[in-house]
Amino acid sequence: MSDFDTVPVHDVPADAVILDVREDYEWVAGHADGALHIPMDQIPARLGELDPDEDLYVICRTGGRSFRVAQWLTGQGYTAINVSGGMDQWLESGKPLVSDNGLKPLVL
């Protein structure tokens, strides 16, 4: 049992603060527009960039990394919600993607 919620992609509010914890190359290829990108291994060092008063919807490719980050953030006093299915499900659900490389966005 966890101390945080896990929600499917279709339950992520349109105005949610999305924290994408994938690696740089994954982010560049495609991500949710407006998401904040902090790779999983950088979260402890960059914790100050996160607002502890906001609900953070944590996403990765399939949900494994985001689960671990949501668990850790919750332990630090943040409200973190794991997005099950991750960016793979985001793409499958037809939610919009943007890329940073000028190419058609995709999920790696």
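This is a predicted model: local features need pLDDT of at least 70, side-chain atom pairs count only at pLDDT 80 or more; totals for chains, interfaces and linings use all residues.
Reader: How many helices and strands does the protein have, and in what pattern?

Author: There are three helices and five strands, and along the sequence they follow the pattern β-β-α-β-β-α-β-α. Both are DSSP runs numbered from the N terminus, with helices being H or I of at least four residues and strands being E of at least two.

Reader: What is the radius of gyration, and what would a compact globule have?

Author: The protein has 13 Å, which agrees with the value near 13 Å for a compact globule with 108 residues; the radius is taken over C-alpha atoms, and the globule rule is 2.2 Å times the number of residues to the power 0.38. Along its principal axes the C-alpha trace spans about 40 × 30 × 25 Å.

Reader: And how much of it is buried?

Author: Buried residues make up 41% of the 108 residues, where buried means under 20% relative accessible area, exposed over 50%, and partly exposed in between, with a 1.4 Å probe and protein chains only. As for contacts (heavy atoms within 4.5 Å), residues 24 or more positions apart account for 65% of those with a separation of 6 or more.

Reader: Switching topic, which domain does UniProt list, and where?

Author: The UniProt record, an unreviewed entry, places the feature "domain: Rhodanese" at residues 12–99; its positions are given in the numbering used here, feature names are shortened, and annotations may be inferred rather than shown by experiment. Over residues 12–99 the chain is 28% helix and 19% strand, and the end C-alpha atoms are 20 Å apart.

Reader: Now the histidines: is His 31 buried or exposed?

Author: His 31 is buried, because its relative accessible area is 4%, and it lies in the loop between α1 (24–29) and β3 (36–37). Leaving aside neighbours within four places in sequence, His 31 is in contact with several residues, among them Asp 20, Arg 22, Met 87 and Asp 100. The C-alpha atoms of His 31 and Met 87 are separated by 7.5 Å, although the two are 56 residues apart along the chain.

Reader: What about His 10, buried or exposed?

Author: His 10 is exposed, with a relative accessible area of 60%, and its place is in the loop between β1 (6–8) and β2 (17–20).

Reader: Which residues does Val 17 touch, then?

Author: Val 17, which lies in strand β2, touches Glu 54, Asp 55, Leu 56 and Tyr 57, not counting residues up to four places away in sequence. At 25% relative accessibility, Val 17 counts as partly exposed.

Reader: Last one: where is Leu 91, and what is it in contact with?

Author: Leu 91 lies in helix α3 (residues 86–92) and, leaving aside its neighbours within four places in sequence, is in contact with Leu 97 and Val 107. Leu 91 counts as partly exposed, because its relative accessibility is 41%.

Notes. Residues are numbered from 1 along each chain as its sequence is written. Side-chain values use heavy atoms; hydrogens and water are left out.
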